[in-house]
Amino acid sequence: MRRWPPGEAALWERKNYEGTVVDLYAGPATALGAAASVAASPAVPVRDKAAAVLAVLAAGGCGAYDDMVATNDPRRGFRAHLGALRRGEVTSGGVKLLGIGAAGLAAGALLKDGVVDRVLAGVVVAGTAHLVNLVDVRPGRAVASVLALGTPGLLKGGAAGALAAAPVGAAAAVLEDDLKRRSMIGDTGAHALGAALGAAIVAGNGRTGLALHAAALVTAAACGDRVSRAAGAS
């Protein structure tokens, strides 16, 4: 992508919190890499593959939209974007909220059976995508979070372990570029890696585990929303 950037190279450049210009190529690279890893894995059943690939590409696509159009939008947090939707304005954050939520529920419906388990699975997939994006405030933090949360899943056998390997491998591949401030994963990579990680969590847990993960993710989202709104107001 650095050699042949899609469109103008300037579209893929951003200033980080230090004012350093970095590129966004790590975002689509990790999204496509994680999706390809899942699709190629012989250990993942076809239905689980479809669920994970759908979640990763949809979450990454919504993140990419936000990366491209929301560079100057000061609004932060769920309440700000939901408020805009109530007024008839579709913000990039609203697109992410609705798109990733719908993709999470669709993935959950493929990964689990029964209404309760499917809804919990959807919350986990979408919530994990949001969580990884929430911690993406400094170089390496989101990628390191994916590595820390996903590595224990590698010890599980079957589909859960193979699904965990996809985001962990993609995150490890871009860790050096991220830490050295050459590239950033942006919303594209953060949401995609989070969705892939969420799918792995769903595959490795029953109803109790899903409920605990969903509760923790909703709590984290609520806390993060308050922090985001406070930061936007300061």
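Tutor: Begin with one word. Contact means heavy atoms within 4.5 Å. In this protein, among contacts between residues at least 6 apart in sequence, 70% join residues at least 24 apart.

Student: What should I know about the model itself?

Tutor: This is a predicted model, in which local features need pLDDT of at least 70, side-chain atom pairs count only at pLDDT 80 or more, and totals for chains, interfaces and linings use all residues. Residues are numbered from 1 along each chain as its sequence is written, and side-chain values use heavy atoms, with hydrogens and water left out.

Student: How many helices and strands are in the protein?

Tutor: Helices (H or I, at least four residues) and strands (E, at least two) are DSSP runs, numbered from the N terminus. The protein has nine helices and two strands. Along the sequence the pattern reads β-β-α-α-α-α-α-α-α-α-α.

Student: How do I read "buried"?

Tutor: Buried means under 20% relative accessible area, exposed means over 50%, and partly exposed lies in between (1.4 Å probe, protein chains only). Here, buried residues make up 47% of the 234 residues.

Student: Which residues touch the most other members of the largest nonpolar core?

Tutor: First, the general idea. In soluble globular proteins, nonpolar side chains tend to be buried together. A nonpolar core is a set of buried Ala, Val, Leu, Ile, Met, Phe, Trp, Tyr and Cys residues joined through side-chain atoms within 4.5 Å. The largest one here has 48 residues, and Val 124, Ile 185 and Val 202 touch the most other members. Elements giving two or more residues to this core include helix H1 (26–40), helix H2 (46–69), helix H6 (141–150), helix H7 (158–179) and helix H8 (186–203). H8 gives the largest share, ten residues.

Student: What does Ile 185 contact beyond its sequence neighbours?

Tutor: Leave aside neighbours within four places in sequence. Ile 185 then contacts, among others, Ala 26, Thr 30, Asp 67, Asp 136, Val 143, Val 174 and Leu 193.

Student: How do I judge the length of a helix?

Tutor: Compare its reach with an expected span, which is 1.5 Å times one less than its number of residues. H8 has 18 residues and reaches 26 Å from first C-alpha to last, close to the 26 Å expected. H1 has 15 residues and reaches 21 Å, close to the 21 Å expected.

Student: Is H8 mostly covered or uncovered?

Tutor: Mostly covered: 17 of its 18 residues are buried. In H1, the buried residues include Ala 26, Gly 27, Pro 28, Thr 30 and Val 38. The buried residues of H1 pack against strand E2 (21–23), H2, H7 and H8.

Student: How do I describe two packed helices?

Tutor: Two packed helices are described by the angle between their axes and the distance between the axes. Axes are lines fitted to C-alpha atoms, for helices over the stretch in contact, and angles run from 0 to 180 degrees between N-to-C directions. The axes of H6 and H7 come within 8 Å and cross at roughly 145 degrees. Their crossing is left-handed, a term for a near helix turned anticlockwise from the far one by less than a right angle.

Student: Which residues make that contact?

Tutor: H6 uses Val 143, Val 146, Leu 147 and Gly 150, and the H7 side includes Ala 164, Pro 167, Leu 175 and Asp 178. By class, the contact has ten nonpolar, one polar and one charged residues. Ala, Val, Leu, Ile, Met, Phe, Trp, Tyr, Cys and Pro count as nonpolar, Asp, Glu, Lys and Arg as charged, and the others, Gly among them, as polar.

Student: Now some single residues. Where is Ser 41?

Tutor: Ser 41 sits in the loop between H1 and H2. It is buried, with a relative accessible area of 11%. Leaving aside neighbours within four places in sequence, Ser 41 contacts Lys 49 and Ala 162.

Student: Where is Arg 181, and what is its phi?

Tutor: Arg 181 is in the loop between H7 and H8. Its phi is near 60 degrees, a positive value in a residue other than glycine. Arg 181 is partly exposed, at 30% relative accessible area.

Student: What about Ala 52?

Tutor: Ala 52 is in helix H2. It is buried, with a relative accessible area of 2%. Beyond neighbours within four places in sequence, Ala 52 contacts Val 38, Leu 163 and Ala 199.
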